[in-house]
Amino acid sequence: MIIVGAGPTGLFTVFEAGLLKLKCHLIDALPQPGGQCSEIYPKKPIYDIPGFPEVLAGDLVTNLMEQIKSFEPGFTLGERAETIDKQEDGSFIVTTNKGTKHHAPVVVIAGGLGSFEPRKPPIPTITDFEDKGVAYIIKEPEVYRDKKVVIAGGGDSALDWAIYLADVASEVSLVHRRKEFRGALDSVEKVEELSKIGKIKLITNAEVVDLKGEDNLDAVVIRHKDTALGEEIKETDYFIPLFGLSPKLGPIGDWGLEIEKNAIKVDNTYDYQTNIPGVYAIGDVNTYPGKLKLILCGFHEAAIMCQSAYQRIFPDKKYVMKYTTVSGVNGFDGSRKEAKKEVVKSIN
Amino acid sequence: MSDIKITIIDREGEAHTVDAPTDMNMNLMEVVRSYELAPEGTIGICGGMAMCASCQCYVLNLEHMLPEQSFEEEDMLDQAFFVEDNSRLSCQIPITEDLDGLEVKLAPEST
């Protein structure tokens, strides 16, 4: 099975699938497994995982990774699942944004809130200038050598890149809505220092509100909070808004799945299958009447979905759900976990 | 403990005066969601941890009755769009009896 999303629900799916001897491969846009639990709140406690009065989100992920280890899941991390292609035999090929292809009879979308994408400032013309002077992520800093760059934002990434590009670009301006910056102290101090010697032009209490250019970006329009200063047009080669990441359903939204309330509609009365047979959606990414976005509901959905996926992959095989306490856990790595046999002594 | 009245102006500009319970440990974002005054998936995306700005609102009165902004809330508002001086994250506003008559306007949905 291909699992899109390596959050807690996706990870636990590997376990439930493993009990049925189904092997899983997980794809996630983030560079590490755990989804939101690792990316947003690893140090926050969770109190509603049954059997755990309190567990840190990061520890829950560590435990899940341990629980599924013997089922040897494959991981493609740091790549976003981009397209899905149904094959003639009913199986699917999922291709990532980096071109990696995976082929499986069943696809499980456990994509949570979606993949984390850079936040775009609400400037109406911004999409017209994407890759024509506007960038939300700095991939190749050398692109900016001896160019004029305007960075917007007040967090760590805005500060760090302003510092880095101060030595690369011909001119670096940092536009921020407030006077205060909220990054790591040494970054803030460094920016202040570079601003004093003129290597970074600090433009605070101001926002970039418009972009100018024929085809490529030529200038940004900066509006000052102080109405006496009004607006200024600043010539630049590049505009780099750095306002953090927010989750977006992203390309999954174009897979032909029925979408409702930014989530994928599934059949909750049976097996959490989507409108495309063979494609399931579980966890926070799905919706059905009465849906609750809870990790524990994701786990429940994973267990039910795996039984259905098994029947789909092996329509002629008879199977009944087994208890791990009775059957133990047989890893794909040859390991076996089982309950200790009771020593029974009979009295003659 | 009793319910209080809160007026919420939705993203279309329509005002809704709703009852909000003070005894259910709710915050303002949850009140907005419970009355479905903003589409699901466009508000409270992070669940209420001040880690996204989807529940941003403009506080129109009783500002002095609200709890101080935490570091996390300030940090998040710093990265949000459409921010005004009276912007708050509604998930960081617990419903208490002091807030009877509160009026807020939801900030536009940011992409």
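**View 1. Positions that UniProt lists as "binding site" in chain A.** In an unreviewed entry, UniProt lists A:T9, A:D28, A:Q36, A:Y41, A:A81, A:F116, A:D284 and A:T325 under "binding site"; UniProt positions are given in the numbering used here, feature names are shortened, and annotations may be inferred rather than shown by experiment. These positions span 317 residues in sequence, and the farthest two C-alpha atoms are 38.4 Å apart, so they do not all gather at one spot. The model shown is predicted, which is why local features need pLDDT of at least 70 and side-chain atom pairs count only at pLDDT 80 or more, while totals for chains, interfaces and linings use all residues. Residues are numbered from 1 along each chain as its sequence is written, and chains are lettered from A and ligands numbered from 1 in the order in which they are written.

View 2. A:T9 is placed in helix 1 (residues 8-19) of chain A, where helices (H or I, at least four residues) and strands (E, at least two) are DSSP runs, numbered from the N terminus. A:T9 counts as buried, with 30 C-beta neighbours inside 10 Å; a residue is buried if 20 or more other C-beta atoms lie within 10 Å of its own, exposed if 12 or fewer, and partly exposed in between, with C-beta atoms placed from the backbone. Neighbours within four places in sequence left aside, A:T9 is in contact with A:A110, A:I282, A:G283, A:G298, A:F299 and A:A302, contact being defined by C-beta atoms, placed from the backbone, that lie within 7 Å. A:D28 belongs to strand 2 of chain A and is likewise buried, with 29 other C-beta atoms within 10 Å. With neighbours within four places again left aside, the contacts of A:D28 are A:G5, A:A6, A:P33 and A:L77.

**View 3. The open five-stranded sheet of chain A.** The strand order is 5-2-1-9-21, with parallel pairing; two strands pair if DSSP finds at least two bridges between them. Strand 5 (74-77) and strand 21 (279-281) stand at the edges, each with a single partner strand, so one side of each is left without a neighbour in the sheet. Neighbouring strands are turned by 20° against each other on average, direction ignored, the axes being lines fitted to C-alpha atoms (for helices over the stretch in contact) and angles running from 0 to 180 degrees between N-to-C directions. Within the sheet, strand 1 (residues 2-4) and strand 2 (residues 25-28) pair in the parallel sense over three bridges, and A:V4 has A:I27 of strand 2 as its bridge partner.

**View 4. Two residues of chain A with positive phi, A:E72 and A:Y272.** Most residues other than glycine have a negative phi, and most peptide bonds are trans. A:E72, with phi near 40°, lies in the loop between helix 3 (57-68) and strand 5 and counts as partly exposed, with 13 C-beta neighbours inside 10 Å. A:Y272, with phi near 65°, lies in the loop between strand 20 (263-265) and strand 21, and is buried, with 24 other C-beta atoms within 10 Å.

**View 5. The hairpin of strand 15 and strand 16 in chain A.** Strand 15 (residues 219-224) and strand 16 (residues 231-235) of chain A pair in the antiparallel sense over five bridges, and A:I222 stands opposite A:E232 of strand 16. Six residues lie between the two strands, and A:G230 in the turn has a positive phi of about 60°. Strand 16 is hardly covered, the count of buried residues among its five residues being zero.

**View 6. Helix 4 (residues 156-166) of chain A and the elements around it.** Helix 4 is mostly covered, with eight of its eleven residues buried, namely A:S157, A:A158, A:L159, A:W161, A:A162, A:I163, A:L165 and A:A166. These buried residues pack against strand 11 (148-152), strand 12 (171-176), helix 5 (185-196), strand 13 (200-204) and strand 17 (238-241) of chain A.

Conventions
Contact = placed C-beta atoms within 7 Å.
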